[in-house]
Amino acid sequence: MNTSTYYKQNPAARKRRLKQQGAYNKTTKGLKIRTAANKLNRKLGTYGNEDGMDASHTGPSKGKTEKPSVNRRRPRMNKRFA
């Protein structure tokens with residue numbers, strides 16, 4: 001079962017996760033990640049234009065856009081085992 005399916009089937013767990021994620025997004029680290037992503041999206045011209053594209057999370061340059069469904073399902077191996 002993937003994460004999305006789990007949280008759809010468990011509303012209490014979903015509520016806890018959203019609360020935790022909201023708190024994390026307010027931390028210094030969460031703010032830094034979010035602002036860096038927004039800056040890259042602006043640089044690539046995809047921020048706010050509703051084209052449905054994301055800045056790619058791969059490679060050192062991260063200079064291409066792709067569909068969010070493809071971008072977000074890619075495993076982040078360096079974070080998974082750290």
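**Legends to close-up views of a predicted model**

**View 1. G63 in the loop between the two strands β1 and β2.** G63 is found in the loop that runs between β1 and β2, in a model that is predicted. With a relative accessible area of 53%, G63 is exposed, since the cut-off for this class is over 50%. Although G63 and N41 are 22 residues apart in sequence, their C-alpha atoms lie 9.3 Å apart in space.

**View 2. The chain as a whole, shown for orientation.** The secondary structure comes to five helices and two strands, and along the sequence these elements follow the pattern α-α-α-β-β-α-α. Of the 82 residues of the chain, 12% count as buried, while the chain exposes about 7,100 Å², of which carbon and sulfur atoms supply 53%. Among the contacts in the chain with a separation of 6 or more, residues 24 or more positions apart account for 0%.

**View 3. Confidence along the predicted chain.** The mean pLDDT of the chain is 82, and 85% of its residues reach 70 or more. Confidence is highest in α2, at a mean of 94, and lowest in helix α5, residues 77-80, at a mean of 56. Where pLDDT is low, the predicted coordinates should not be read in detail.

**View 4. Helix α3 and its two sides.** Helix α3 covers residues 28-43, 16 residues in total, and reaches 22 Å from its first C-alpha to its last, which is close to the 22 Å expected at 1.5 Å a residue. Which residues of α3 are buried? They are G30, L40 and N41. Seen down the axis of α3, these buried residues fall within an arc of 100°, so they line one face of the helix. The buried residues of α3 pack against α2 (11-25) and β1 (54-55), whereas the face turned away from the buried side carries the exposed residues T28, K32, K39, R42 and K43. Just after α3, G45 takes a positive phi of about 75°.

View 5. The side chain of N41 reaches the backbone nitrogen of A55 at 3.2 Å.

**View 6. E50 in the loop between α3 and β1.** The place of E50 is in the loop that joins α3 to β1. E50 has a positive phi of about 60° although it is not a glycine. Is E50 buried or exposed? With a relative accessible area of 79%, E50 is exposed.

**View 7. A13 in helix α2.** A13 has its place in helix α2, the element in which the confidence of the chain is highest. With a relative accessible area of 8%, A13 is buried, the cut-off for this class being under 20%. Not counting residues up to four places away in sequence, A13 touches Y6 and Y7.

**View 8. K67 in the loop between β2 and α4.** K67 is found in the loop between β2 (65-66) and α4 (68-73). At 55% relative accessibility, K67 counts as exposed. Which residues does K67 touch, not counting residues up to four places away in sequence? K67 touches G52 and M53. The C-alpha atoms of K67 and G52 are separated by 6.7 Å, although these two residues are 15 residues apart along the chain.

Key. Residues numbered from 1 in each chain as written. Predicted model: local features only at pLDDT ≥ 70, side-chain atom pairs only at ≥ 80, totals over all residues. Heavy atoms only, no water. Helix = DSSP H or I, 4+ residues; strand = E, 2+ residues; numbered from the N terminus. Expected span 1.5 Å × (residues − 1). Buried < 20%, exposed > 50% of the residue type's maximum accessible area, 1.4 Å probe, protein only. Arc of directions from axis to C-beta. Contact = heavy atoms within 4.5 Å. Areas by Shrake-Rupley, 256 points an atom, 1.4 Å probe, with all protein chains shown as cover. Polar contact = N/O pair within 3.5 Å; in protein donor to acceptor, adjacent residues only side chain to side chain. pLDDT = per-residue confidence, 0-100.
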